[in-house]
Amino acid sequence: MTRDEIFEKVRGVLVEALGVDDDEVAPDASLTADLGAESIDFLDIVFQLEQAFGFKIQQGELFPENVTQDPTFVKDGKVTAQGLATLKERLPHIDFAKLEADPRITKVAEVFTVDALVNFCQRKLAA
Amino acid sequence: MRWMWIDRVLELAPRERLVAVKNVSLAEDHLHDHFGAQTDAAGRVVRAAQPVMPGSLILEGMAQTAGILVGHAEGFREKVILAKVTRATLERDAFPGMTLRYTARLVQQSPQGASTQGVVELFDHAKPGEGYVEIGRIDMMFSHLDQNMAGAEFPEHNFVFSESFRTLLRSSGIACDF
């Protein structure tokens, strides 16, 4: 499956799960800031990606788990260097460059972009 | 106490589907306000009352139907909370004396929650030959509360599946030992 084909499927999932229009689902769109995703939507997206692509997604595999609640990963409202390293290791499909530049905890959700989902699916399908 | 919006569970196929019914009754107070008669300044009725089962309570009926299905799959250990109405369409009104039938199907389940698809049907006792007629579809997502609220503490006992639910299950002939 080409990256464009994967993108189209991911776009379909997001249109269904988030009730957004096709043209809102741009590669660099943030799921939360741009597409209005809330916490339960992440589970909906996981379920719908599993159905669309036929693979199984383990808990914490696509979106991080318990990182932002761990005091060694978050200090003074910012993600620590150790936290960033852990996120990068656990979630290789996500581009953390923006979070490295501005590691405020409030910015974590913005790294979940449409592109990150496409990267994730591409890696899963290639595995 | 929880306000129950289903009267009886008719069928339970664990982890697959659950069917429940709700008899719409004029004895329910809320139907007298939904919709009550309209009067003019002189007290004359300008629009007769029209009792209709509110769509929001039909949604709640499906939430209870699907919620039991999701809860049963994990032995009612999880606190199953309605988190999202993914899709809801209702094409006909339900009036007193009619019976609603909810069929919920478990689509996906994970440690964090579940998704369900549901069909709402209506039986008009004045037209028994028509049988149950589909009037809508309601798809939902449920969250397992303790698995999703990192750091937040909730009472240990399962306040979701309270005595009202146990009574419903027992009276429907479903084993209930939680």
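Is A:Phe55 buried or exposed, and what is its relative accessibility? I looked this up first. The model is a predicted one. A:Phe55 comes out at 12% relative accessibility, so I noted A:Phe55 as buried. The cut-off for buried is under 20%.

**Aromatic pairs**

I searched the whole structure and found 9 aromatic pairs over all chains. I checked A:Phe55 with A:Phe120. Their ring centres lie 6.3 Å apart and their planes stand at 80 degrees, so I logged the pair as edge-to-face. Next I looked up where the two residues sit. A:Phe55 is in the loop between H2 and strand S1 (74–75) of chain A. A:Phe120 belongs to helix H5 (residues 114–126) of chain A. They are 65 residues apart, and the pair links distant parts of the chain. A:Phe120 has 4% relative accessibility and counts as buried.

Then I turned to chain B. B:Phe161 and B:Phe165 make an edge-to-face aromatic pair, with 5.4 Å centre to centre and 75 degrees between the planes. I checked cover for both partners. B:Phe161 is buried at a relative accessible area of 2%. B:Phe165 is buried at 3%.

Ring pairs join A:Phe42, A:Phe63 and A:Phe112.

**Charge on the surface**

Which residues gather in a patch of negative charge on the surface? I listed A:Asp21, A:Asp22, A:Asp23 and A:Glu24. I followed up A:Asp22. A:Asp22 lies in the loop between helix H1 (3–18) and helix H2 (39–53) of chain A.

How values were computed:
Residues numbered from 1 in each chain as written. Chains lettered and ligands numbered in written order. Predicted model: local features only at pLDDT ≥ 70, side-chain atom pairs only at ≥ 80, totals over all residues. Heavy atoms only, no water. Patch = residues over 30% accessible without salt bridge, like charges linked within 9 Å, V, L, I, M, F, W, Y side chains within 5 Å. Areas by Shrake-Rupley, 256 points an atom, 1.4 Å probe, with all protein chains shown as cover. Salt bridge = Lys/Arg side-chain N within 4 Å of Asp/Glu carboxyl O. Lys, Arg positive; Asp, Glu negative; His and termini not counted. Charge placed at Lys NZ, Arg CZ, Asp CG, Glu CD. Helix = DSSP H or I, 4+ residues; strand = E, 2+ residues; numbered from the N terminus. Phe/Tyr/Trp six-rings, centres within 6.5 Å; stacked < 30°, edge-to-face > 60°. Buried < 20%, exposed > 50% of the residue type's maximum accessible area, 1.4 Å probe, protein only.
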